[in-house]
Amino acid sequence: PAPSNPSLAYHECSKQILNHNPTNAWVAKGYESTAIRVKPSEAKYWNGLGIIKCLGTEQAQNLSDDGKRELILDAIRNFGKATELNPKFADAHNNWGNALRILKEYQEALEHYNAAIALDPHTDEFYRNRARTLIKLGRQEEAQRDIKTYESMSGRPFMPSERISGTAVSPDGSTIENPLPTHTILTRPSD
């Protein structure tokens, strides 16, 4: 029998593909694109497509730097569409900030992290991502406040995403050997 909500079924297939094997971003992209064709007014599908495109830039070994940049810019347009459809979609603002951070557009990324936190102050990763951006902007004191908030909320130590050959650089400038892997693109699944 056909599912009662086919667009949601495509979206769920996309999420399952990524959860099972994140290297299948291009397969997931097909399902998410189909979900959008079936129901273009659903913000979470646009957000999901943006996430997939960001993942795709990590996996696309034969894609030029310009090609990767274009994918990120396209993902940003998807996050913009998601927030246009649902202005209170905190995860889309967070993902938009992540994409901007990839492009080293730190000030604009900060605006989206601020929006995400204003909409949902109870999600720890928003504080982590904003702290990483504040560090890049040289705003250490503000970053330290967000790091403390993140660690308090999550129960996990803050791990910056910047890596230097097997070490990570902490906010105070010291290095951490063999940091845990971090991923800055995906946010928690939306309903």
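Helix α6 covers residues 106-119, and its 14 residues should span 20 Å at 1.5 Å a residue; the end C-alpha atoms are 20 Å apart, which agrees. The expected span is 1.5 Å times one less than the number of residues. Helices here are DSSP runs (H or I, at least four residues), numbered from the N terminus.

This is a predicted model: local features need pLDDT of at least 70, side-chain atom pairs count only at pLDDT 80 or more, and totals for chains, interfaces and linings use all residues. Residues are numbered from 1 along each chain as its sequence is written, and side-chain values use heavy atoms, with hydrogens and water left out.

Apart from neighbours within four places in sequence, W96 is in contact (heavy atoms within 4.5 Å) with I76, F79, G80, T83 and H112.

T123 sits in the loop between α6 and α7. T123 counts as buried because its relative accessibility is 7%.

| Pair | Kind of distance | Value |
|---|---|---|
| T123 and D91 | C-alpha atoms | 9.3 Å |
| T123 and D120 | side-chain polar contact | 2.5 Å |

A polar contact is a pair of N or O atoms within 3.5 Å; within protein, one must be able to donate a hydrogen and the other to accept it, and residues adjacent in sequence count only if both atoms are side-chain atoms.

Conventions. Helices (H or I, at least four residues) and strands (E, at least two) are DSSP runs, numbered from the N terminus. Buried means under 20% relative accessible area, exposed over 50%, partly exposed in between (1.4 Å probe, protein chains only).
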